[in-house]
Amino acid sequence: MQRIFTLLATLLSILIAAPASADIDRLLASKTAPYGVVFEVVEGDESALSWVLPRIERHSKRLRAKFPEVKIAVVTHGTEQFGLTQSFTGAKAKKISRKALQMSSAGTELHVCGGHAAARDVPASAFPAHVNVAASGPQQVRKLVSEGYVLVQIRD
């Protein structure tokens with residue numbers, strides 16, 4: 001039974017990843033570099049960024065290998081954004097924190113939704129300095145797209 005569960009979980013994770021991977025493959029097939037790529041994340045799990053950020057980092061490395069000047073941004077505006085707060089603790093919290101800082105240091109912009117945070121009584125100061133607390137996550141996505149970023153959605 002455990003093997004069946006593991007197999008189903010693996011297949012489900014592949015299916016969830018497929019749309020974003022297909023979007024990245026289409027971008028990489030192009031001869032023209034996109035101005036930027038914005039990864040939009042909406043998940044219902046506070047620890048989801050423990051698997052989302054490494055996946056985005058892999059996509060980003062592939063994009064930057066072909067298009068070194070491409071700008072990369074991540075906008076997270078579901079419950080997963082709270083995994084970036086300084087009060088989130090545990091092994092997954094450390095993984096998320098390390099990966100977010102690493103990605104930010106490599107030039108990836110990280111944005112969370114201030115409106116969603118405020119609705120949960122989470123102040124902007126709960127997020128580390130390398131994370132931008134935008135007034136609205138969806139509005140931040142629209143702003144980046146209007147600047148020429150290509151949208152790639154990562155959703156549960």
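Here is a short chat about charges and salt bridges in a predicted model.

Colleague: How many helices and strands does the protein chain have, and in what order do they run?
Modeller: From the N terminus on, the elements go α-β-α-β-α-β-α-β-α-β. Counted up, that's five helices and five strands.

Colleague: What separates arginine 26 and aspartate 23 along helix α1?
Modeller: These two form a salt bridge, with the closest N and O atoms 2.4 Å apart. Arginine 26 is exposed at 55%, whereas aspartate 23 is partly exposed at 22%. They sit three residues apart in helix α1, so the separation is about one helical turn.

Colleague: How many residues apart in sequence are the parts tied together by arginine 62 and aspartate 25?
Modeller: Their side chains meet in a salt bridge at 2.7 Å, N to O. Arginine 62 lies in helix α2 and aspartate 25 in helix α1, so the parts they tie together are 37 residues apart.

Colleague: Is the pair of glutamate 57 and lysine 99 buried or exposed?
Modeller: The two side chains meet in a salt bridge, 2.6 Å from N to O. Glutamate 57 is in helix α2 and lysine 99 in helix α3, so this pair ties together parts 42 residues apart in sequence. As for cover, both glutamate 57 and lysine 99 are buried.

Conventions
Residues are numbered from 1 along each chain as its sequence is written. This is a predicted model: local features need pLDDT of at least 70, side-chain atom pairs count only at pLDDT 80 or more; totals for chains, interfaces and linings use all residues. Side-chain values use heavy atoms; hydrogens and water are left out. Helices (H or I, at least four residues) and strands (E, at least two) are DSSP runs, numbered from the N terminus. A salt bridge is a side-chain nitrogen of Lys or Arg within 4 Å of a carboxyl oxygen of Asp or Glu. Buried means under 20% relative accessible area, exposed over 50%, partly exposed in between (1.4 Å probe, protein chains only).
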